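Subject: Structure handover

Hello,

Here is the structure we spoke about.

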Amino acid sequence: MAKQKFNKETYLRWFEQMMLMRRFEEKCAQLYGQQKIKGFCHLYIGQEAVVAGMMSAITPDDKVITAYRDHGHALGCGISTNEIMAELFGKVTGCSKGNGGSMHLFSKEHNFYGGHGIVGGQIPLGAGIAFAEQYLGTKNISVCFMGDGAVRQGSLNETFNMAMLWKLPVVFIVENNGYAMGTSVQRTTNLQDLYKLGLAYDMPSAQVNGMSCEAVHEAIESAADRARKGEGPTFLEIRTYRYRGHSMSDPAKYRSKEEVEEYKHKDPIEQVRKEILSKKWATEKDLDAIEDEIMNRVNESVEFSENSPYPAAQDLYAHVYHQEDYPFIIE
Amino acid sequence: MRSIQFREALREAMSEEMRRDPNIFLMGEEVAEYNGAYKVSQGMLDEFGPKRIIDTPISELGFGGIGVGAAMNGLRPIIEFMTFNFSLVAIDQVINSAAKMYQMSGGQFNIPMVFRGPTASAGQLGAQHSQAFENWYANTPGLKVVVPSNPYDAKGLLKSAIRDNDPVIFMESEQMYGDKGEVPEEEYLLDIGKAHIVQEGSDVTIVSFGKIMKVALAAAQELAKDGISCEIIDLRTVRPIDYATLIESVKKTNRMVIVEEAWPLASISSELTYMVQKLGFDYLDAPIRRITTRDTPLGYAPTLVEEFLPNPARVIEAVKSVTYR
Ligand SMILES: Cc1ncc(C[n+]2csc(CCOP(=O)(O)OP(=O)(O)O)c2C)c(N)n1
Ligand SMILES: [Mg+2]
């Protein structure tokens, strides 16, 4: 039924996008082991359908903001693998010029409003971005992502109320991957259907299968549609799963192998691959070629990053103030 | 004497105090089942059970304030912030509730609680995860602020902080949790508000606290090779500050260099400089110098981290300038 809605191009784009996120991050994990990437590094592996389904449902002028688990969103928004990888290396050619690292990817050009490190900090920002679109009279929307842990911040409640009150064009999305670090959703709330949090504000809210690009696309498309028509925000609880630990330093002992395997059986990339093959939209060989091309891009991005310089020491002062001659305290 | 890790010293302090007093509990993110984000509370859930070792949602404002309320009503909470960067979403409860309650209520409600967790930078963690707010909290009357630099101090000071009848901010470091140091088996407590003379010397007084003490010590070792004798003072507590010990030292050395991992404006070093010039003006033979972080947020790249942080070379340069070498 619903599946017929999407054509060959969409499926192939989903496949390519998700494969890019997957292969890029597998490379990140390797590079983290080699200490080429430092600091905190949170992988998105397993959750790719959420970003893929979003990207096909919104327009390039819409704005996206999320937390620190941001590689997938940054890639989805179209920031180049070179710029993202270089940022992870801390190189001046990175999308945040080596200032941000993994948690703080940004690209004004690609309407990606960042990677934010304080849990829940981006929730009011996402609404503020929507406020500006409304104020400026555009038809654009803001898509504001958060984790299941982040919905426990006060910022969510304050923001939801105002977003509803002012009918801001924002789609709030909680990527419910079941865990906030080592803490399962179950252990921190009586209200495990997170979408119901929106109902307290009369915000249209729904639960969505996050292992399915189709389901994600449809939910976001109708939420975006409502936002564009001036009908205000939507809250989507997208149920997904991260295959890896919380960050590179988390062995994830708090969950069972079986649980992880169960989700891997629903792997969104495999689902899309099967659909493409069964519809004969491409052959195994075609898909392998796409994968090869992706691997080339990923490897190239590593080389690009290796060959890029670090920011100079003085660059520490370069972007603290927009004012150019700001008088810093020098010892 | 036995040697234990910083994190073990903290754990011992909390566990010993919890055995003494059933009204003490530990609350925070990942403190129980995960055994602490940095394994400080490892094993404490097993010993004390879920009534006293309590995992929370990521709701710092909420559980910070729940701690204050519980303290108003007879309990002695230890609230762990995964790092003090995240205390900012709870800071209203720390400043407006914990620090004010005793006075506002005319002395009826004191707040015997500890807010603890790591502070300052810990590698390439970027701007939002690398901040030192010692001076922010120290600025607030009603709070005490303790910043230990080694396992021995950590244990003795944390036990005192837990027994203290006022709210204490207790600031640690991810980069120190694995540090080992000698800690006696027998019980001991260290006074809050007393500085520690780590090393006596005659040419210059170097003052520091917390993790960055290591930079002061490394610089002093180098300087000794050049025949410069440094007296090193670990403040241990930045509210209240032990000015008497500083002044006594300056009477002897006539020079002071302060090393602090914090932004320069209105930092602890600013405050020390004011008080020492006021109380010790006649003894000073050179302007007081300080080494702080750069006046910027911390960037991710290794070059930016290196530029940002105090290091021994910068301390050595400052010492040489005040000793006119
Ligand atoms: C205010 C705040 N408290 C604590 C942290 C530490 N922390 C970082 S990520 C995280 C878990 C967040 O989980 P969730 O929101 O579910 O997102 P996920 O990691 O699953 O994507 C915690 C506790 C933080 N960054 N900010
Ligand atoms: Mg989560």
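Predicted model: local features only at pLDDT ≥ 70, side-chain atom pairs only at ≥ 80, totals over all residues.

Ser142(A) is buried, with a relative accessible area of 0%. Ser142(A) sits in strand 3 of chain A. Beyond residues up to four places away in sequence, Ser142(A) touches Lys63(A), Gly126(A), Ile129(A), Ala130(A), Pro169(A), Val170(A) and Val171(A).

**The sheet in chain A**

Strand 3 of chain A pairs with strand 4 of chain A in the parallel sense, over six bridges. Cys144(A) has Phe172(A) in strand 4 of chain A as its bridge partner. Helix 2 (residues 48–55) of chain A packs on the sheet. Helix 2 of chain A touches strand 1 (63–67), strand 3, strand 4 and strand 8 of chain A. The direction of helix 2 makes about 170° with that of strand 3 of chain A.

Now the whole sheet. It is open, with six strands in the order 2-1-3-4-8-7 (chain A), and the pairing is parallel. Its edge strands are strand 2 (112–116) and strand 7 of chain A, and each pairs on one side only. On average, neighbouring strands of this sheet are turned by 15° against each other, direction ignored.

How many residues of strand 8 of chain A are buried? Five of the six in strand 8 (residues 234–239) are, and the strand is mostly covered. Strand 8 of chain A is joined to strand 4 of chain A by six bridges, and the two run parallel. Here Val171(A) stands opposite Thr234(A). Strand 7 (residues 205–209) of chain A also pairs with strand 8 of chain A in the parallel sense, over five bridges. In that pairing, Val208(A) has Ile238(A) as its bridge partner. Helix 8 (residues 213–228) of chain A lies across strand 4, strand 7 and strand 8 of chain A. Helix 8 runs at about 170° to strand 8 of chain A.

Which residues coordinate the magnesium ion (ligand 2)? They are Asp148(A) through OD, Asn177(A) through OD1 and Tyr179(A) through O, at 2.1 Å. The donor residues are spaced D-x28-N-x1-Y in sequence. Asp148(A) and Asn177(A) link distant parts of the chain, being 29 residues apart. Asp148(A) is in the loop between strand 3 (142–147) and helix 6 (154–165) of chain A. Asn177(A) is in the loop between strand 4 (170–176) and strand 5 (179–180) of chain A. Asp148(A) is buried, because its relative accessible area of 5% is under the 20% cut-off. Asn177(A) also counts as buried, at 6% relative accessibility.

Ligand 1 lies between chains A and B. It is surrounded by 21 residues. The closest are Tyr68(A), Arg69(A), Gly149(A), Asn177(A) and Glu60(B).

- A nitrogen atom of ligand 1 is 2.9 Å from a backbone N or O atom of Val119(A).
- A polar backbone atom of Ala150(A) lies 3.1 Å from an oxygen atom of ligand 1.
- An N or O atom in the side chain of His246(A) lies 3.4 Å from an oxygen atom of ligand 1.

**Chain B**

Ser41(B) lies in the loop between strand 2 (24–28) and helix 2 (44–48) of chain B. Is Ser41(B) buried or exposed? At 0% relative accessibility, Ser41(B) counts as buried. Leaving aside neighbours within four places in sequence, Ser41(B) is in contact with Arg11(B), Leu26(B), Val31(B), Asn35(B) and Gly36(B). Ser41(B) and Ile24(B) are 17 residues apart in sequence and 14 Å apart in space, C-alpha to C-alpha.

Helix 4 (residues 91–98) of chain B has these buried residues: Val94(B), Ile95(B), Ser97(B) and Ala98(B). Their cover includes helix 3 (60–72), helix 5 (101–104), strand 5 (114–118), helix 6 (134–138) and strand 7 (168–172) of chain B.

Chain B also has an open sheet of five strands, in the order 9-11-10-13-14, with mixed pairing. Strand 9 (196–199) and strand 14 (289–291) of chain B are its edge strands, each pairing on one side only. The twist averages 25° from one strand to the next. Strand 9 and strand 11 (residues 230–234) of chain B run antiparallel, joined by three bridges. Gln199(B) has Ile232(B) in strand 11 of chain B as its bridge partner. Helix 12 (residues 312–322) of chain B lies across strand 10 (204–208), strand 13 (256–259) and strand 14 of chain B. Helix 12 runs at about 175° to strand 14 of chain B.

Best wishes

How values were computed:
Residues numbered from 1 in each chain as written. Chains lettered and ligands numbered in written order. Heavy atoms only, no water. Pairing = 2+ DSSP bridges. Helix = DSSP H or I, 4+ residues; strand = E, 2+ residues; numbered from the N terminus. Axes fitted to C-alpha atoms, helices over the stretch in contact; angles between N-to-C directions. Contact = heavy atoms within 4.5 Å. Donors = N, O, S within 2.8 Å, 3.2 Å for Na, K, Ca; no water. Buried < 20%, exposed > 50% of the residue type's maximum accessible area, 1.4 Å probe, protein only. Near = heavy atom within 4 Å. Polar contact = N/O pair within 3.5 Å; in protein donor to acceptor, adjacent residues only side chain to side chain.
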